Amino acid sequence: MTFVLELLVSLLIVGGGAFLLIGSIGMVKLPDLLTRLHAPTKATTLGVGGALVASMVFFAGLEGTLSIHEVLITAFLFMTAPISAHFIAKAHLHEHTELRDGLPPTGRPVGWSTFDAAPAAGEADGEDDRRGAHD
Amino acid sequence: MIEYALQFGLAAASLALLLNLWRLLRGPALMDRVLAVDTMVINIIALIILFGIQQRSTIFFEAALLFAMFGFISTVAYCRFILRGDVIE
C-alpha cells in the first residue's frame with residue numbers, strides 16, 4: 001500500500017513538473033501575447049494542481065497528517081487563473097487598438113466590447129449587421 | 001522514489017522560473033511582462049509546495065496561500081490600472 005501511494009505521489013510530482021515546464025516553454029516559444037496567454041493559464045495551472053494533489057496525497061497517506069490547505073490553494077488558483085488571463089487579454093487589447101482590424105463582425109448592431117462603448121438599454125436587440133455605432 | 005521525483009519536480013519548476021524570467025526581461029508588449037510575473041508566482045507556489053514535501057513539513061502552505069493571493073491581486077490591480085487609469089475608483 002505504501003509503495004502504491006509513493007508511486008502515485010511520484011507520478012503526480014513528475015507530471016506536475018512536466019506541465020510547469022511545458023507551460024513556460026510555450027510562453028517563450030509562442031509568437032504573440034494572445035497565443036502566449038494560453039500556455040501559462042492552462043498548462044501551468046494544471047502543473048501546480050498536480051503538485052498540490054501530490055502534496056495532499058503525501059501528507060494524508062504517508063505522513064498521516066491530513067491538511068486541507070492544498071484544497072484551498074488549488075481552488076483559489078483554479079478560480080483566479082481565468083480571471084487574470086481575461087484581464088491581461090483585455091488590457092492588451094486596450095493598449096493595442098490596431099488589433100481591432102483583424103476581428104470578425106459581431107453579427108449584432110454593437111461592436112466588440114473592449115473597443116466600442118456599451119449599447120444603450122434595448123439597443124442590442126436589433127437585427128442590423130453593423131460593426132458598431134461609429135462606422 | 002519520491003526523492004528522485006522531487007528532484008525532477010524542483011528542477012522543472014526552477015527551469016520554468018528561468019524561462020519566465022527570460023520572457024520578463026525580453027517581453028515586447030507591456031502585458032507580456034505582467035503575464036511573466038503572474039506565471040512566476042504560480043511557479044514559485046509549486047516550488048514552495050515541493051519544498052514542503054521534501055522537508056516533510058506543512059508549515060509552508062500558508063506562504064503558498066499568501067503568494068497565490070498576492071499574485072492574483074497584483075495582476076488584477078495592474079490590469080485595472082491599464083484599463084481604467086486607476087486601481088480603486
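**Exercise 1.** In this predicted model, compare the span that H1(A) should have at 1.5 Å a residue with the distance between its end C-alpha atoms.

*Solution.* Begin with the length of the helix: H1(A) has 28 residues. The expected span is 1.5 Å times one less than the number of residues, so for H1(A) it comes to 40 Å. The end C-alpha atoms of H1(A) are 40 Å apart, which agrees with that expectation.

**Exercise 2.** State which residues of H1(A) are buried, and what covers them.

*Solution.* A residue is buried if 20 or more other C-beta atoms lie within 10 Å of its own. The buried residues of H1(A) include Val9(A), Leu12(A), Ile13(A), Gly16(A), Gly17(A), Phe19(A) and Met27(A). Their cover includes H2 and H3 of chain A, and from chain B it includes helix H1 (2–26) and helix H2 (30–55).

**Exercise 3.** Describe the side of chain A that touches chain B, by its helices and by its residue classes.

*Solution.* Start from the contacts, in which 48 residues of chain A meet 42 residues of chain B. On the side of chain A, helices H1 (2–29), H2 (33–36), H3 (38–62) and H4 each supply at least two residues, and the largest share, 16 residues, comes from H1(A). Sorted by class, the residues on this side are 26 nonpolar, 16 polar and six charged.

Methods:
Residues numbered from 1 in each chain as written. Chains lettered and ligands numbered in written order. Predicted model: local features only at pLDDT ≥ 70, side-chain atom pairs only at ≥ 80, totals over all residues. Contact = placed C-beta atoms within 7 Å. Helix = DSSP H or I, 4+ residues; strand = E, 2+ residues; numbered from the N terminus. Nonpolar A, V, L, I, M, F, W, Y, C, P; charged D, E, K, R; others polar. Buried ≥ 20, exposed ≤ 12 C-beta atoms within 10 Å, placed from the backbone.
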